[in-house]
Amino acid sequence: MVDLEAAFAWVSEGRLADELLAGWRRLGEEVKAELARCLETVRTLKDATVPQGTLRYGRCAAEKILQGDLQELVSLTDKAVQLCEQARHEVITDLGRLIRERRTQFPSAKAAPLGELLEELKRARARYASSLAAYRDELQQLAEETQRRQQYLRSDASVGLDEIRALSGQQFEGLIASLLERDGHKVLRAHGGAGDRGADVIALGENGERIVVQCKLRRNPSAKIGSPEVQTFNGTARPDHRATHPIVVTNVHFTQEAEAAAARYGIALVDRSALRTWATFGKPLKLETPGTVGTG
């Protein structure tokens, strides 16, 4: 009878070990296939010559988040497969010892780690499903955002970078004022001038934010706004204009030194890319914390 119990334990544990090994291998294969697709998609997204159906940067960010989750799961599945193979080997070679020792306890000591691997497999599958669901939700949101942007692009309200570059300085300030107004802010000053002390546009947000903007229009698309302009604006934005959200807007890019200075002083920068999102595609300029903005 004892020998039969030992044999039954051996068969039961061996079957569980086989099923776990197969389950972890299947999950590993699924995850690795999805990771390969993810890596190829990231590679394609970085190829600027390939047309994109969704927002390039948002899609790339979604793929990289999923990539990180998948890489962790690959590591987990590889380790679990090794543990299952080891447990299976031990179960297979254990029957003789069980009979010799006339073991009467059931399940054996091997059942505990096998049970843990079974629970871990359930958690890993749930995590994999959750990561894919979050990724698909993000793609759906990106697709909806792409559609919204394309609709705005076809409207008369859309203003392209080439059009912006052809504006006069005062017209550029007027455009920024109109964009702030479109976003629901109350414009107090739409143009700068002599004695404006760096405040070309001033607006009030619905929560009392005082938005002070300095506009930097450049004809040369390769020009850059440097740190001296940011430092000068910092000297007046808050002391003179009581800005809670000081912003420098340009149709070109900022130097790294300018970005560092802006971060140090709590000044938001809207560069060529952010301006395009704001003016061309109609994405509102989102006021986040004092001194920062975002366009999504």
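User: Which residue in S3 does Leu204 stand opposite?
Analyst: Quick caveat: this is a predicted model, where local features need pLDDT of at least 70, side-chain atom pairs count only at pLDDT 80 or more, and totals for chains, interfaces and linings use all residues. Numbering runs from 1 along each chain as its sequence is written, and side-chain values use heavy atoms, with hydrogens and water left out. Strands here are DSSP runs of E with at least two residues, helices are H or I runs of at least four, and both are numbered from the N terminus. S2 pairs with S3 (residues 210–216) in the antiparallel sense, and the residue opposite Leu204 is Arg210.

User: How many bridges join S1 and S2?
Analyst: Strands count as paired if DSSP finds at least two bridges between them. Val187 has Ala203 in S2 as its bridge partner. S1 (residues 186–189) and S2 (residues 201–204) run antiparallel, and the bridge count is three.

User: Which residue in the S2–S3 hairpin turn has a positive phi?
Analyst: Five residues sit between S2 and S3 in this hairpin. The phi in question is about 90 degrees, and it belongs to Gly208.

User: Which element gives the largest share of the lining of the second largest pocket?
Analyst: A pocket is an open set of 1 Å grid points, over the protein atoms alone, where a 1.4 Å probe fits, with protein on both sides within 12 Å along at least five of seven lines; lining residues have an atom within 4 Å of a point. Twelve residues line this one, with Leu83 and Pro113 among those nearest its centre. Helix H2 (56–92) and helix H4 (111–153) each give two or more. The largest share, seven residues, comes from H2.
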